[in-house]
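Please examine the sequence and the structure shown below.

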Amino acid sequence: MNYQRATGVLCHISSLPGKYGIGSLGKEAYRFAKKLVKSGVKYWQVLPLVQTGFGDSPYSSVSCDSGNPYFIDLDDLAKQGLLTKEDLKEAEQKGEIDYGTLYLERFLILRKAFSRFFFDDETFREFIKSGVAEDYSLFMTAKTVYGGSFVNWEIPLRDRKAESLEKLRTDYHEEYLFWQFLQYEFWKQWFALKDYCNQIGLKIIGDIALYVAYDSADVWANPDLFKLDKKLRPEKVAGVPPDYFSATGQLWGNPVYDWKEHKKDGYAWWKKRLQSALKTYDLIRIDHFRGLERYYEIPYGAKTAETGVWKDGPKDDIFEGIDKEVIIAEDLGVVDDGVKALLEKTGFPGMKVLLFAFDGNPENPFLPKNISENSVCYTGTHDNDTVAGYIRSLSAEEFILLRSRIAATLAECRIYLSLGGRGERFPEAFVRLALSSKARLAILPVQDILGYDNRARMNEPGTLGGNWTFRLEKQPDAIVMKKLKKMNKVYRR
């Protein structure tokens with residue numbers, strides 16, 4: 001990482017304020033970007049933009065190349081004459097994200113827009129010809145028509161026989177065009193927003209999940225690249241072994257890659273995925289990076305992760321020909337010598353999370369004094385509680401001990417801040433520690449900038465329901481952003 005010291009803000013598109021039930025690529029996104037730049041922020045981490053599947057997590061998608069239709073700006077569709085004022089009124093929904101309502105109602109509104117769209121628009125036809133959304137559109141058409149998982153479709157369609165795909169495209173042509181239309185509108189809006197951000201001096205960081213969902217266009221279109229049986233059912237699935245946090249390990253269930261098959265064509269699928277991501281974002285963060293060095297595979301059907309084994313991953317082979325200056329490695333969790341060697345070889349910056357720093361160990365790698373320049377320092381991530389939420393969750397004894405450790409670290413960093421009780425100064429303390437660290441890039445979740453408690457938590461790993469629902473009620477106010485601007489100047493970011 002050779003760029004200068006800078007600050008980034010973490011805020012998923014879904015969390016932006018607005019009238020229509022979920023954040024979008026509309027005017028609130030532009031306003032947010034402008035606020036960031038005015039406060040001296042140079043990076044916006046948006047997390048994955050993909051269409052979500054079961055569980056509503058953007059780390060489990062129907063297609064890793066998709067854009068989430070929920071993010072399409074409805075006001076923009078109205079300006080095109082595709083939606084009416086009455087349609088917009090029907091779409092209004094306040095408060096946290098209600099994915100159940102969105103699933104039932106948003107696609108109905110998007111179908112109304114599609115019904116008024118001119119199919120023979122030249123740019124739309126060019127988009128279809130590009131093939132960007134081909135596998136996604138076929139997959140979603142089949143999903144709509146036949147339902148269920150692709151593994152249970154009729155064998156010719158399951159196995160993607162050419163005549164079966166052409167029949168699907170022809171017999172359900174309007175449905176096929178609908179899914180193409182959603183991706184066309186999404187990507188048109190996204191690249192307009194990204195261009196605006198880049199023009200005003202803001203770069204975009206996006207995320208790539210290492211694994212893809214089993215019931216996805218990715219697996220359906222590329223079964224040979226995963227460890228599946230002849231009927232395309234998983235033979236091995238991903239997870240992590242038992243550890244301090246889980247006595248039986250974590251059983252994620254994603255199909256694991258057959259890296260030997262990937263190697264045969266020089267990791268073409270992965271390189272195409274990386275190159276596509278680098279067009280979508282300015283920097284990319286690879287989730288579960290350690291799985292590229294060694295990964296843990298578990299027999300399909302196992303009840304727990306205890307019976308898994310470690311296997312060698314592709315290491316740095318998949319990055320040949322890829323610009324390594326624009327990749328961030330999510331290296332959290334158990335980092336063994338192999339992962340450290342891979343990080344050193346690639347030169348990728350790893351992540352340092354301050355919420356993990358204060359365990360009393362002076363050698364803790366997350367302590368500000370131990371953070372190197374080639375790092376990305378976070379107060380917390382989308383998978384952690386907010387700083388305020390974490391502080392308020394502690395027992396009296398834990399709080400007293402933690403406060404003394406943070407106070408000592410603040411003094412070491414020459415930051416003079418009275419912490420007092422469990423109030424708003426703790427988020428500020430973590431923000432200042434992140435900004436004052438040696439890490440060239442410091443990223444702050446918007447919740448920590450605003451001092452929000454655990455009601456604003458984005459995701460709790462290992463749980464279903466209630467995640468990814470946080471939304472800003474309004475844009476961050478001028479006082480907060482001016483304070484952030486001042487801190488950016490103080491800490492030379």
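## Cavities and a pocket

The second largest cavity is lined by His-12, Ser-14, Ile-22, Val-50, Thr-52, Asp-56, Pro-58, Asn-68, Phe-71, Tyr-99 and Trp-468. This is a predicted model, in which local features need pLDDT of at least 70 and side-chain atom pairs count only at pLDDT 80 or more, while totals for chains, interfaces and linings use all residues. Residues are numbered from 1 along each chain as its sequence is written, and side-chain values use heavy atoms, with hydrogens and water left out.

On a 1 Å grid over the protein atoms alone, a cavity is a set of points where a 1.4 Å probe fits but cannot get out, a pocket is an open set with protein on both sides within 12 Å along at least five of seven lines, and lining residues have an atom within 4 Å of a point. A volume is the space filled by probe spheres set on the points, which are joined across faces, edges and corners. By this rule there are two cavities of 30 Å³ or more.

Lining residues are classed as nonpolar (Ala, Val, Leu, Ile, Met, Phe, Trp, Tyr, Cys and Pro), charged (Asp, Glu, Lys and Arg) or polar (the others, Gly among them). The table sets out volume and lining composition.

| Space | Volume | Lining by class |
|---|---|---|
| Second largest pocket | about 910 Å³ | 22 nonpolar, ten polar, eight charged residues |
| Largest cavity | about 130 Å³ | eight nonpolar, eight polar, three charged residues |
| Second largest cavity | about 50 Å³ | six nonpolar, four polar, one charged residues |

The largest cavity has a volume of about 130 Å³. Of the 19 residues that line this cavity, Leu-10, His-382, Pro-445, Gln-447 and Met-458 are the closest to its centre. Helix H17 (residues 446-450) gives the most to this lining, with three residues. Helices (H or I, at least four residues) and strands (E, at least two) are DSSP runs, numbered from the N terminus.

The second largest pocket holds about 910 Å³ of space. Its lining comprises 40 residues, of which Cys-64, Asp-65, Ser-66, Val-132 and Ser-276 are the closest to the pocket centre. Two or more lining residues come from each of helix H5 (122-130), helix H6 (134-146), helix H9 (173-199), S3, helix H10 (217-221) and helix H12 (268-280). The greatest contribution to the lining of this pocket is that of H12, with eight residues.

## Sheets and a helix packed on strands

Strands of a sheet pair through backbone hydrogen bonds, either parallel or antiparallel. Two strands are taken to pair if DSSP finds at least two bridges between them.

Eight strands form an open sheet with parallel pairing, in the order S9-S6-S3-S2-S1-S12-S11-S10. Its edge strands, S9 (327-329) and S10 (350-353), each pair on one side only. On average, neighbouring strands of this sheet are turned by 25 degrees against each other, direction ignored. Axes are lines fitted to C-alpha atoms, for helices over the stretch in contact, and angles run from 0 to 180 degrees between N-to-C directions. Within the sheet, strand S3 (residues 203-208) runs parallel to strand S6 (residues 283-286) and is joined to it by four bridges. Ile-205 stands opposite Leu-283 in S6.

An open sheet of four strands has the order S5-S4-S7-S8, with antiparallel pairing. Strand S5 (250-255) and strand S8 (309-312) are its edge strands, each pairing on one side only. Neighbouring strands here are turned by 45 degrees against each other on average, direction ignored. Three bridges connect the antiparallel strands S4 (residues 236-240) and S7 (residues 294-299), and Ala-238 stands opposite Glu-297 in S7.

Helix H1 (residues 27-38) lies across strand S1 (6-10) and strand S2 (43-45), and runs at about 135 degrees to S2.

## Selected buried residues

Buried means under 20% relative accessible area, exposed over 50%, and partly exposed in between (1.4 Å probe, protein chains only). Glu-28 is found in helix H1 and is buried, with a relative accessible area of 17%. Not counting residues up to four places away in sequence, Glu-28 touches Pro-17, Gly-18 and Gln-475, where contact means heavy atoms within 4.5 Å.

Which residue lies in the loop between helix H11 (259-264) and H12? Tyr-267 has this place. Although Tyr-267 is not a glycine, its phi is positive, at about 60 degrees. Tyr-267 is buried, with a relative accessible area of 7%.

His-288 lies in the loop between S6 and S7. Its phi is near 55 degrees, a positive value in a residue other than glycine. His-288 counts as buried, at 14% relative accessibility.
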